[in-house]
Amino acid sequence: MKNVLTIAGSDCSGGAGIQADIKTFQAHGAFGMSVITAVVAENTCDVISIHDIPVINISDQIDAIFLDISVAGVKVGMLSGEEIMNMVAQKLAQYQPKNVVIDPVMVAKGGCSLMDPAALNVLQKKMIPLAFCLTPNIPEAEVITGKKIRTIEDMKMAAKAIYQMGAKNVLVKGGHFLGEPTDILYDGTEFHSYKGKRIHTKNTHGTGCTLSSAITANLANGKTIYEAVRSAKEYVAGAIQNALEIGKGHGPTNHFYKYYELEEKYKNENL
Ligand SMILES: Nc1ncnc2c1ncn2[C@@H]1O[C@H](COP(=O)(O)OP(=O)(O)O)[C@@H](O)[C@H]1O
Ligand SMILES: Cc1ncc(COP(=O)(O)OP(=O)(O)O)c(N)n1
């Protein structure tokens with residue numbers, strides 16, 4: 001079993017953030033570990049408040065993991081400001097883990113900002129070059145590139161521009177477009193398009209966190225980036241299809257359907 005780490009914020013309502021990441025790791029047969037960067041009081045409707053964890057403690061959490069345990073993949077989610085981002089970049093450069101997947105989380109579904117806009121420069125200059133895979137949604141790709149995205153061609157141009165900032169692979173997610181959600185991967189040579197069928201539901205809280213964690217676990221489990229993204233997209237579709245009617249707003253993605261499959265697999269393989 002591979003050990004996989006998430007460095008991200010806590011969503012007390014369990015749909016996004018650390019909680020979605022750990023559920024996703026577990027459903028992929030990986031051992032999940034977490035470094036918590038912020039405690040977000042949020043639910044399916046709204047973000048009420050954000051408490052950043054002191055930088056020294058985040059740094060200690062990262063050391064605690066890397067000084068003791070081998071790490072096969074790291075997913076990075078919410079980093080709310082410059083100081084935290086600088087320190088996380090410095091620690092990743094120090095420990096050089098493989099399979100770093102960065103979800104440049106900026107805004108929660110209800111519209112609340114989860115990243116200080118002043119941190120954009122650090123994201124572009126220090127975090128993006130550390131990413132084996134960067135997974136912006138369309139609004140995030142627009143902020144990073146400073147260009148509007150209206151078409152698949154625009155998504156490709158954005159992926160290429162972000163690749164040039166230093167990420168090894170860039171996946172621009174198409175969930176925010178109307179119509180079928182197509183995600184575009186650029187690997188520095190070719191574009192790969194991942195088409196999906198739109199599932200008509202309001203219960204999509206945590207889709208981005210789930211996708212980036214599934215890609216991380218898949219890479220840690222030895223899949224190529226192309227196979228990791230293809231399988232993660234299928235996983236998210238299943239998690240949306242089985243989404244839970246919890247809360248009054250955007251209900252969370254559901255990971256249980258995969259646990260049952262995993263249980264069967266382990267039983268059949270006598271693990
Ligand atoms: N309604 C939907 N039906 C099927 N797939 C979706 C739907 N909404 C989003 N996705 C997929 O979920 C993943 C996350 O997408 P997106 O919503 O763009 O990111 P974020 O959650 O970061 O805003 C992508 O693979 C996207 O294609
Ligand atoms: C603590 C925390 N981290 C990230 C997010 C955003 O997650 P995402 O998967 O993009 O889901 P939505 O918020 O868009 O539903 C979050 N809300 N909280």
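**Close-up 1. Helix α7 and the shell around ligand 2.** The largest share of the shell around ligand 2 comes from α7, which gives three residues. The model is predicted: local features need pLDDT of at least 70, side-chain atom pairs count only at pLDDT 80 or more, and totals for chains, interfaces and linings use all residues. Residues are numbered from 1 along each chain as its sequence is written, chains are lettered from A and ligands numbered from 1 in the order in which they are written, and side-chain values use heavy atoms, with hydrogens and water left out. Ligand 2 is surrounded by 16 residues, of which E42, H205, G206, G208 and C209 are the closest; a residue is near a molecule if one of its heavy atoms lies within 4 Å of it. By class, six residues of this shell are nonpolar, eight polar and two charged. Here Ala, Val, Leu, Ile, Met, Phe, Trp, Tyr, Cys and Pro count as nonpolar, Asp, Glu, Lys and Arg as charged, and the others, Gly among them, as polar.

Close-up 2. The side chain of H205 has an N or O atom 3.1 Å from an oxygen atom of ligand 2. A backbone N or O atom of K109 lies 3.1 Å from an oxygen atom of ligand 2, and a polar backbone atom of G206 is 3.1 Å from an oxygen atom of this ligand. On its own, ligand 2 has 420 Å² of accessible area, and the protein covers 95% of it. Accessible areas come from the Shrake-Rupley method with a 1.4 Å probe; for residues, only the protein chains shown count as cover. Two or more residues of the shell come from each of β1 (3-11), β2 (31-42) and α7. Helices (H or I, at least four residues) and strands (E, at least two) are DSSP runs, numbered from the N terminus.

**Close-up 3. The surroundings of ligand 1.** The shell around ligand 1 holds 15 residues, and the closest are K173, H176, D183, T207 and K233. A polar side-chain atom of T207 is 2.8 Å from an oxygen atom of ligand 1. The backbone of G208 places an N or O atom 2.9 Å from an oxygen atom of ligand 1, while a polar backbone atom of I199 is 2.9 Å from a nitrogen atom of the ligand. Of the 550 Å² of accessible area that ligand 1 has on its own, the protein covers 92%. Helices α7 (207-220) and α8 (225-241) each supply at least two residues of this shell. The shell divides into five nonpolar, five polar and five charged residues.

**Close-up 4. Helix α8.** The 17 residues of α8 should span 24 Å at 1.5 Å a residue, and the end C-alpha atoms are 24 Å apart, which agrees. The expected span is 1.5 Å times one less than the number of residues. Among the buried residues of α8 are I225, A228, V229, K233 and Y235. Buried means under 20% relative accessible area, exposed over 50%, and partly exposed in between (1.4 Å probe, protein chains only).

**Close-up 5. Aromatic pairs.** Rings of Phe, Tyr and Trp (its six-membered ring) pair if their centres lie within 6.5 Å; planes under 30 degrees apart count as stacked, over 60 as edge-to-face and the rest as tilted. By this rule there are three aromatic pairs. F66 and Y95 form a stacked pair, 4.8 Å centre to centre with 10 degrees between the planes. F66 lies in helix α2 (residues 55-66) and Y95 in helix α3 (residues 82-95), so the pair ties together parts that are 29 residues apart in sequence. F66 counts as buried, at 15% relative accessibility. Y163, Y186 and F191 form one aromatic cluster.

**Close-up 6. The loop between α3 and β5.** Most residues other than glycine have a negative phi. Q96, a residue other than glycine, has a positive phi near 45 degrees. Q96 is in the loop between α3 and β5 (100-102) and is exposed, with a relative accessible area of 63%. N99 lies in the loop between α3 and β5 and, although not a glycine, has a positive phi of about 55 degrees. N99 counts as buried, at 17% relative accessibility.

Technical notes
Polar contact = N/O pair within 3.5 Å; in protein donor to acceptor, adjacent residues only side chain to side chain.
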